[in-house]
Amino acid sequence: MSVSELSSVVFPHLHHVRIDRVSSAGRSVRIEASTHLVHALCPNCGLASKRVHNRYRRRIGDTATGSRETLIHLRVRLFFCLNAACEKQIFAEQVPGVTVGHGRHSPGLGAVLTALALALGVRALTCPHSCPARCPCCG
Ligand SMILES: [Zn+2]
């Protein structure tokens with residue numbers, strides 16, 4: 001199995017980015033990546049743009065790799081919207097499966113956190129003692 005094939009198995013949601021480097025940093029796995037999409041769609045009007053305004057790095061929490069925290073250091077671009085009638089003059093590209101507007105974690109990690117919050121909320125609501133997690137009835 002090649003590194004590319006391994007990457008597609010372990011990180012299937014990262015197929016829209018180019019993985020530049022994977023390293024271990026303490027208890028974290030750090031993935032340095034960049035986008036390789038030719039254009040981005042304006043989130044306001046939907047028009048595609050290739051005109052880059054600037055680049056910057058985003059740090060995005062992702063689902064665990066093994067039992068280790070995963071951080072994606074993603075280099076993304078800001079684009080000019082080419083639609084003169086659009087209210088958005090500049091917008092940040094979003095990478096499907098990796099970023100959401102102004103989000104600091106991937107959609108996958110967001111789903112895990114939501115499920116965890118719901119489970120803990122249900123547990124708190126169903127405990128007759130209104131106690132923290134150490135209650136014998138709740139485990
Ligand atoms: Zn636009």
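Colleague: Which residue in β6 is the bridge partner of Ile-31?
Modeller: This is a predicted model, in which local features need a pLDDT of at least 70 and side-chain atom pairs count only at pLDDT 80 or more, while totals for chains, interfaces and linings use all residues. Residues are numbered from 1 along each chain as its sequence is written. Strand β2 (residues 28-35) pairs with strand β6 (residues 68-80) in the parallel sense over seven bridges, where strands are DSSP runs of E with at least two residues, helices are runs of H or I with at least four, both numbered from the N terminus, and two strands pair if DSSP finds at least two bridges between them. Within β6, Val-29 has Thr-70 as its bridge partner, and the partner of Ile-31 is Ile-72.

Colleague: On the other pairings of β6, which residue in β7 does Leu-78 stand opposite?
Modeller: Strand β6 also pairs with β5 (residues 52-65), in the antiparallel sense and over 11 bridges, with Arg-57 bridged to Arg-75 of β6. Strand β7 (residues 90-92) runs antiparallel to β6 and is joined to it by three bridges. There, the residue opposite Leu-78 is Ala-92.

Colleague: Which residue takes a positive phi in the hairpin of β1 and β2?
Modeller: Strands β1 and β2 run antiparallel and are joined by eight bridges, one example being Val-17, whose bridge partner in β2 is Thr-35. Two residues lie between the strands of the β5 and β6 hairpin, where Gly-66 has a positive phi near 70°. The hairpin of β1 and β2 likewise has two residues between its strands, and the positive phi there, near 65°, belongs to Gly-26.

Colleague: Is Leu-14 buried or exposed?
Modeller: Leu-14 sits in the loop between α1 (3-10) and β1 (17-25), and its C-alpha is 9.9 Å from that of Ile-72, although the two are 58 residues apart in sequence. Leaving out residues up to four places away in sequence, Leu-14 touches Ile-19, Ala-33 and Val-98, a contact meaning C-beta atoms, placed from the backbone, within 7 Å. A residue is buried if 20 or more other C-beta atoms lie within 10 Å of its own, exposed if 12 or fewer, and partly exposed in between. Because 20 other C-beta atoms lie within 10 Å of it, Leu-14 is buried.

Colleague: Which element has the highest mean pLDDT?
Modeller: The pLDDT is the predictor's confidence in each residue, from 0 to 100, and the protein chain averages 87, with 88% of the residues scoring at least 70. Its secondary structure comprises two helices and seven strands. Among these elements α1 has the lowest mean, 79, while the highest, 97, belongs to strand β4.

How values were computed. Two residues are in contact if their C-beta atoms, placed from the backbone, lie within 7 Å.
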